[in-house]
Amino acid sequence: MLEKSRMIIPVGHWIIENAVITAKRWQKYMPDFQMSINISLYQLEERMFYPFVEDCIARHQIDPSTIVFELTESHNIYDWDFVNKQFAAFHDLGIKIAIDDFGSGYANLGFLKNFKCDIVKIDRTFVEDLRGSDFNKNILKYAIKLCHSIGVEVVIEGVEQEDEYLFLRDECGVDQIQGFYFGYPEMEDIFEKRFKK
């Protein structure tokens with residue numbers, strides 16, 4: 001709804017501003033804390049998007065290398081040159097770029113071929129079918145190897161069970177693992193207590 005109504009533009013600005021403020025606050029307790037922020041292709045099309053991000057980082061004096069923009073899957077990309085030029089500017093600023101939900105819908109091998117990114121986040125659907133299936137395990141292993149071979153970090157989404165975690169950690173060499181196995185979404189004040197102990 002936000003994208004169709006173009007309200008994603010002002011709402012996206014609000015989200016980025018608050019994410020940067022929060023990341024800066026949390027970096028007092030954990031200096032290398034990294035904040036990931038979902039962005040839409042519609043935001044990239046906005047003329048003032050880059051100047052806003054640049055100004056936001058300068059105003060809050062945050063290290064841009066601790067910010068990751070995750071491109072959310074909203075619709076197909078027809079102009080790869082445009083997208084890559086936009087993200088090249090953010091790269092130059094120091095922000096990392098990630099493809100979210102890789103392996104589902106539009107986020108597929110075509111992205112790796114055409115899209116210059118730092119991180120690929122492999123979708124939960126790949127993890128769900130690991131149990132008892134060597135075929136699925138091999139697909140995941142080689143998808144990770146493929147990403148690593150072109151210098152792209154890999155994050156696995158949606159890990160919920162210990163056996164999934166151990167397989168990914170010990171046999172796949174994945175860079176980061178996230179999911180309910182490590183914790184559930186929680187209120188900000190509760191989350192902050194982890195840093196303040």
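Helices (H or I, at least four residues) and strands (E, at least two) are DSSP runs, numbered from the N terminus. The model shown in these views is predicted, so that local features need pLDDT of at least 70 and side-chain atom pairs count only at pLDDT 80 or more, while totals for chains, interfaces and linings use all residues. Residues are numbered from 1 along each chain as its sequence is written, and side-chain values use heavy atoms, with hydrogens and water left out.

**View 1. Threonine 22 in helix α1.** Threonine 22 lies in helix α1, which spans residues 8–26. With a relative accessibility of 14%, threonine 22 counts as buried, where buried means under 20% relative accessible area, exposed means over 50%, and partly exposed lies in between (1.4 Å probe, protein chains only). When residues up to four places away in sequence are not counted, threonine 22 touches Met35 and Glu188, contact being defined as heavy atoms within 4.5 Å.

View 2. Arginine 59 forms one with aspartate 55, the closest N and O atoms being 2.6 Å apart. Because the two residues are four apart in helix α3 (residues 49–60), arginine 59 and aspartate 55 are separated by about one helical turn. Arginine 59 is partly exposed at 42% relative accessibility, and aspartate 55 is likewise classed as partly exposed, at 38%.

**View 3. The salt bridge of glutamate 70 and lysine 121 between two strands.** The side chains of glutamate 70 and lysine 121 meet in a salt bridge with an N to O distance of 2.9 Å. This pair links distant parts of the chain, since glutamate 70 belongs to strand β2 (residues 67–71) and lysine 121 to strand β4 (residues 119–122), 51 residues apart. Glutamate 70 and lysine 121 are both buried.

**View 4. Arginine 124 and glutamate 128 in helix α6.** Glutamate 128 and arginine 124 meet through their side chains in a salt bridge (3.7 Å, N to O), and because they are four residues apart in helix α6, about one helical turn separates them. Glutamate 128 is partly exposed, with a relative accessible area of 42%, whereas arginine 124 counts as buried at 19% relative accessibility. Salt bridges with shared partners join Arg124, Glu128, Glu160 and Glu164 into one network.

**View 5. Arginine 131 in the loop between α6 and α7.** Arginine 131 is found in the loop that runs between α6 (124–128) and α7, and at 47% relative accessibility it counts as partly exposed. Leaving aside neighbours within four places in sequence, arginine 131 is in contact with Gln161, Asp163 and Glu164. The C-alpha atoms of arginine 131 and glutamate 164 are separated by 8.1 Å, although these residues are 33 apart along the chain.

**View 6. The crossing of helices α7 and α8.** The axes of helix α7 (residues 134–149) and helix α8 (residues 162–172) come within 11 Å and cross at roughly 50 degrees; axes are lines fitted to C-alpha atoms, for helices over the stretch in contact, and angles run from 0 to 180 degrees between N-to-C directions. The helices α7 and α8 are therefore oblique to each other (angles under 35 degrees count as roughly parallel, over 145 as roughly antiparallel, 65 to 115 as roughly perpendicular and the rest as oblique). Lys137, Leu140, Lys141 and Ile144 of α7 make the contact with Phe167, Leu168, Glu171 and Cys172 of α8.

Technical notes
Salt bridge = Lys/Arg side-chain N within 4 Å of Asp/Glu carboxyl O.
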